[in-house]
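The following paragraphs guide the reader through a protein structure, from its overall layout to individual residues. Please keep the sequence and the coordinates at hand while reading.

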Amino acid sequence: MNSDFYKSIGLKVGLEIHIQLNTKRKLFCHCPTSPEPVEGHKWVFKRYLRPARSEIGEVDPAALLEWGHNRLYIYDAAEGSSCLVETDEEPPHMVDDESLLIALAIAKALNMKIVDEIHVMRKIVIDGSNVSGFQRTMLVAVDGEIKIEDRRIGVQTLCLEEDAARKLEERELEVHYALDRLGIPLVEVATDPSIDSPELALKTALKIGQLARLTGKAKRGLGSIRQDVNISIAGGAKIEIKGIQHLFMIPKVIEYEVQRQLKLLEVRDELARRGLNPSMLRGDIVDVTHVFEKSQSKIIRKALSTPNGAVLAVALPGFKGLLGKELQPGRRFGTELSDYARVWGGVGGIIHSDELPSYGITLDELKKLYEELGANLEKDAVVIVADEKSKGEKALKALIERAKYSFIGVPEETRAANPDGTTRYARPRPGAARMYPETDIPPIVITREILEMAEKYVPEHPDVKYKKLVEKHSLSKTLAETIINDLRLDFYEYLADKYGDKVPCSVIASIFVNTIPMLRREGIPIDSVDEQVIEQVVKAIAEGIVAKEAIPDVLAFIAKNPGITVFKAIESLGLKKPELGELDKLIEDVIESNKEKLLSRRDKAFNIVMSEVMKTVRGRVDGGLVAERVKTKLRDLLNIET
Ligand SMILES: [Zn+2]
């Protein structure tokens, strides 16, 4: 789809980019943000959380949903990475100065207006990811902009907040968290919704991430930059998508969400064309257990063998065929309804008539089911849930509400990203009523002195950088222009400073500008490769262990074999640079076994030997070096001058 298409459907995208800061201490306590593994004291504790009313006395709908799950939260804490602040048994310490200075520097780089006074607020979060039931956050700056080629994207807010606990495991009634990540400072940058194409969204996200990294104080590695995306189209609804694993997934997620909203509008139009309206959806939930008493279906037998197990059903009059309609790859309208049943009822899923007969349910049972519900086999859809009866009831109630909304179009939701870029319903969009003041921390006045101190973290102007790349690093203009827009510009600079005397800077830059994008296009999971690994590869070139030509193969091999060391990868691929002696021996062998041919075709001798030797050492040795050794050996052994 091109950008004209996205303009024609009124695509609006806003981004929220979260960047972890690499500071000495956490935002509200003195624990380190990069804990060394310690063999010290570890402890585990448990909590139940309940929603509190906000400043204006309302309870947040998303919080109420979580509370309804009645889950137990289990926390792992360890000395060296957590203290009594993370466990919510001690008041927060004062805001970390360094974090604040970095946040201010990023705000300056985004041309934002910095607030006069910072107030720490508590934002209600009761999915257990904050032990206290709230996340502390503070607004630092508003109203900035970022330039992406000829476009200006507004930056609405920049907040400094504490990161949440790390989820280890989730079960139906229990969620298990580790506290090491809780309290790490995060900068949250929110753009306005003026982004109007998936490509522009990616470029904006990369640019914001890059600016943060150029302060030299952003964390690196998987999960250190996280992004939420708000997406809407004309006639659709604002959808917030969380948990996108990687920046490079943003365009795919937007593309699929646009597709989903367009398809839901088609469902709406089809319902109207069929002359249906929401009042026809009576939503009577009927216990149809007796229909399936002798059923051979494994799903149904399993549900009925549990205490209070039942099969419940509901008819969706006139919906025949719509539940099977695909909204995103592998996800149908029936999947959307199923999501509501899962989230609100805690059931494993639903079975709907557009996929029947199947799952061991016979045509006979299906007919009986329709009869039981007074439904029309030709026109109506039927949904069944086989589970504990009370859960099934909650599930179908939520499902009916969702089905009713299909007459309006797209419901506003918070959705979670799947690894393939499709999304699933997570919860209703949180209301505005989820903030109240943190009374343990006094407001911070932003003085001129503080602003001056922040100056040292403000990234160098791109023009200054560009000059350095061309003049000092001898990059071509094209290479310099591309690397200057790369998310890992700062990492490139680090590598160039450290290895630039042994490896040409253009070779290092090319890893980011050419090799990694090429591998990504080939579908190789290159973004999971750690930056430490990339550094090891550059180091191996600097030390002469491997030739620069081997970079793509080595990186691809490591991406496909996670955990393997760079040296092992080089060895496994047979790319270890031969010693000069080995190379000479190889050339001598080739000359020896082709001796007669070479002597009879002296003018072609060089080419013959060269091509034969390169077959063995391609990607491992520099071609220039091979040529030089071939010439020497031809002269020494056969007296052939080339
Ligand atoms: Zn702590």
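The structure is a predicted model, in which local features need pLDDT of at least 70 and side-chain atom pairs count only at pLDDT 80 or more, while totals for chains, interfaces and linings use all residues. Residues are numbered from 1 along each chain as its sequence is written.

The secondary structure of the protein comprises 21 helices and 23 strands. Here helices (H or I, at least four residues) and strands (E, at least two) are DSSP runs, numbered from the N terminus. Along its principal axes, the C-alpha trace spans about 100 × 70 × 55 Å. The protein is divided into domain 1 (3–270), domain 2 (277–406), domain 3 (460–572) and domain 4 (580–638), with bounds that come from an automatic or database domain assignment. Taken over C-alpha atoms, the centres of domain 2 and domain 3 are separated by 53 Å.

Of the 642 residues in the protein, 40% are buried. A residue is buried if 20 or more other C-beta atoms lie within 10 Å of its own, exposed if 12 or fewer, and partly exposed in between, with C-beta atoms placed from the backbone. Among contacts between residues at least 6 apart in sequence, 74% join residues at least 24 apart. Two residues are in contact if their C-beta atoms, placed from the backbone, lie within 7 Å.

Helix packing comes next. Two packed helices are described by the angle between their axes and the distance between the axes. Axes are lines fitted to C-alpha atoms, for helices over the stretch in contact, and angles run from 0 to 180 degrees between N-to-C directions. The axes of helix α13 (residues 489–499) and helix α14 (residues 505–521) come within 10 Å and cross at roughly 155°. This makes α13 roughly antiparallel to α14. For such descriptions, angles under 35 degrees count as roughly parallel, over 145 as roughly antiparallel, 65 to 115 as roughly perpendicular and the rest as oblique. The crossing of α13 and α14 is right-handed; a crossing is left-handed if the near helix is turned anticlockwise from the far one by less than a right angle, and right-handed if clockwise. On the α13 side, the contact is made by Tyr492, Leu495, Ala496 and Tyr499, and on the α14 side by Cys505, Ile508, Ala509 and Phe512. These residues divide into 8 nonpolar, no polar and no charged. In this classification Ala, Val, Leu, Ile, Met, Phe, Trp, Tyr, Cys and Pro count as nonpolar, Asp, Glu, Lys and Arg as charged, and the others, Gly among them, as polar.

Helix α13 also packs with α15, at an angle of about 30° and with the axes 11 Å apart. The two helices are therefore roughly parallel to each other, and α13 passes α15 in a right-handed crossing. Here α13 contributes Phe491, Leu495 and Tyr499, whereas α15 contributes Glu531, Glu535, Val538, Lys539 and Ala542. The residues of this contact divide into 5 nonpolar, no polar and 3 charged.

In helix α16 (residues 551–560), the residues Ile551, Val554, Leu555, Ala556, Ile558 and Ala559 are buried. The buried residues of α16 pack against α14, α15 (531–542) and α17 (566–572). Val554 counts as buried because 23 C-beta neighbours lie inside 10 Å. Leaving aside neighbours within four places in sequence, Val554 is in contact with Val537, Val546, Val566, Ala569, Ile570, Leu573 and Leu575.

A further buried position is Leu598, with 21 other C-beta atoms within 10 Å. Leu598 lies in helix α19 (residues 595–600). Beyond its neighbours within four places in sequence, Leu598 is in contact with Ile591, Ala605, Ile608, Leu638 and Ile640. Leu598 and Val609 are 11 residues apart in sequence and 8.5 Å apart in space, C-alpha to C-alpha.

The backbone itself has several features to inspect. The peptide bond from Leu356 to Pro357 is cis, with omega near 0°. Pro357 is placed in the loop between β18 (351–352) and α8 (363–373). Tyr359, found in the loop between β18 and α8, has a positive phi of about 50° although it is not a glycine. Tyr359 is partly exposed, with 14 other C-beta atoms within 10 Å. Asp88 is a residue other than glycine with a positive phi, near 65°, and is found in the loop between β3 (72–78) and α3 (97–109). Asp88 is partly exposed, with 17 other C-beta atoms within 10 Å.
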